[in-house]
Amino acid sequence: MCFFTAVGFSDERVDFLFMDSSISSRKWLIRFRTSLLDFVNFTVFLFLDFLDAILCVIYRYIDQFLEGKTTACYCGSRGEERGNADGDGENELSETLCGRRNVFRRIALVGFSGSCKDSEKMNNGSAWNRWSDCGCSSCVDGMENRNQKLYVAVREPPRGRSGKPKENVIFLHGFVSSSSLWTESVFPNLSETQKLNYRLFAVDLLGFGRSPKPRDCFYTMKDHLEKIEESVIHQFGLNSFHLVAHSMGCLIALALAAKYSNSVKSITLVAPPYFPSKDGGAMTVLENLGAKRVWPPLLFGSSVMSWYEHVGRCACFVICRNHRIWEWILRRINPRRNIDFRVIDLTKHTHHSAWHSMHNVICGGAKLTDGYLDELSRAGVKIYIYHGDQDVVAPVECSYNLKKKAVDATVNMVQNVDHQTIILGRERELTQDLEYIWANTVEIERS
């Protein structure tokens with residue numbers, strides 16, 4: 001006989017007591033796990049604060065030894081001067097470059113970084129890469145020639161085709177990616193009918209893929225726009241076009257569309273990292289997209305690369321500068337398979353280009369995006385949004401907030417996909433959606 005029954009408790013009362021005890025145990029376990037994770041977060045990022053401060057000093061002396069002069073970073077007073085010195089609007093440097101909190105920066109040890117000076121441009125003004133960047137031909141392409149255009153993968157309709165004029169589509173990739181995202185997903189899945197009617201332009205954004213990665217560029221929104229105009233719109237004489245973009249590319253696409261609102265036929269945004277300007281400035285974006293958490297791993301990597309300038313430079317030194325070694329190892333491990341383009345894309349940038357694009361476009365662009373959306377609403381440009389409900393990089397609230405600002409936008413929430421699998425793994429479905437959007441735009445124009 002149960003003890004509780006013996007002392008007069010009914011069976012229902014006994015079940016309730018055990019259930020209540022089980023619920024209390026689960027609550028206690030959840031609180032314990034949360035507290036433990038908070039402690040781990042605090043410890044790990046406190047260590048990273050210290051490590052970044054130490055690396056700031058170390059890189060100062062290594063740069064001095066190998067390059068002749070130190071290169072300014074965004075630590076201390078020198079960083080604040082550098083961050084506030086350049087332009088406004090689309091050419092402005094983000095406040096997040098100097099506004100990142102680090103408890104160890106106030107210690108005298110970090111004061112050394114305040115005396116950093118910008119390195120002189122070497123080789124009569126050309127923008128060579130740093131010693132910590134890769135020097136292979138594919139990585140330095142465009143360094144010597146400041147006027148060299150972006151790399152653009154173009155897919156033209158068959159020659160000799162007659163009939164209605166060709167439609168143009170510009171594809172923009174996201175952060176630490178390249179045009180391969182689109183040439184490996186949408187391009188091969190385009191229907192035979194649409195292949196006859198569309199010219200496709202997949203762009204490697206400035207500082208990524210096979211495009212130039214100049215060292216003396218701050219990779220602001222204006223820098224990215226000017227290069228796309230020069231390399232695509234002017235180069236190929238585009239009078240009208242559709243835009244398709246993923247992640248960071250969505251912000252650049254909105255800026256480009258607002259500037260060419262009379263030429264844009266439709267905009268398709270995939271996983272846009274949009275945060276309303278009323279919710280705060282660039283720091284709010286950084287704290288959301290780069291939240292200091294060790295779990296999940298993807299978010300941890302994003303936070304490290306977003307908050308820690310010198311730790312990020314170390315990561316790029318190991319991964320990007322030595323990409324040929326990693327590729328050699330991967331080919332030896334599995335010689336029968338080609339290396340996934342995503343692995344290649346992960347190494348095709350410099351720390352300088354990725355760091356500044358992250359802060360000046362993704363974070364700094366937050367206060368500009370609402371203005372772009374207002375201009376597109378006035379011009380009546382149709383916006384289509386696709387977002388995965390499992391996205392931990394750009395939360396689903398980003399698309400819903402964008403919908404509130406652009407009330408005519410269409411939001412498509414895709415189940416059980418994340419920031420990458422919204423495209424990869426469902427290439428055919430996405431291509432069919434794009435073909436429908438482009439065809440529907442044509443029908444609206446006709447009517």
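The dialogue below treats a sheet, a helix face and a helix pair.

Modeller: This model is predicted, so local features need pLDDT of at least 70 and side-chain atom pairs pLDDT 80 or more, while totals for chains, interfaces and linings use all residues. Residues are numbered from 1 along each chain as its sequence is written, and side-chain values use heavy atoms, leaving out hydrogens and water.

Biologist: What is the order of the strands in the open sheet?

Modeller: Strands of a sheet pair through backbone hydrogen bonds, either parallel or antiparallel. Here seven strands follow the order β1-β3-β2-β4-β5-β6-β7, with mixed pairing; strands are DSSP runs of E with at least two residues, helices of H or I with at least four, numbered from the N terminus. Two strands pair if DSSP finds at least two bridges between them. The edge strands, β1 (152–155) and β7, each pair on one side only. Strand β4 (residues 241–246) runs parallel to β5, joined by five bridges.

Biologist: Which residues of helix α17 are buried?

Modeller: An α-helix has 3.6 residues a turn, so residues three or four places apart point the same way. In α17 (residues 397–405), Cys398, Ser399, Asn401 and Leu402 are buried, that is, under 20% relative accessible area (1.4 Å probe, protein chains only). Seen down the axis of α17, these residues fall within an arc of 160 degrees, so they line one face; the arc is that of the directions from the helix axis to the C-beta atoms.

Biologist: At what angle do helices α11 and α15 pack?

Modeller: Helix α11 (residues 297–307) meets α15 (residues 351–363) at about 95 degrees, with axes 9 Å apart. That makes α11 roughly perpendicular to α15, a term for angles of 65 to 115 degrees.

Terms used:
Axes are lines fitted to C-alpha atoms, for helices over the stretch in contact, and angles run from 0 to 180 degrees between N-to-C directions. Angles under 35 degrees count as roughly parallel, over 145 as roughly antiparallel, 65 to 115 as roughly perpendicular and the rest as oblique. Buried means under 20% relative accessible area, exposed over 50%, partly exposed in between (1.4 Å probe, protein chains only).
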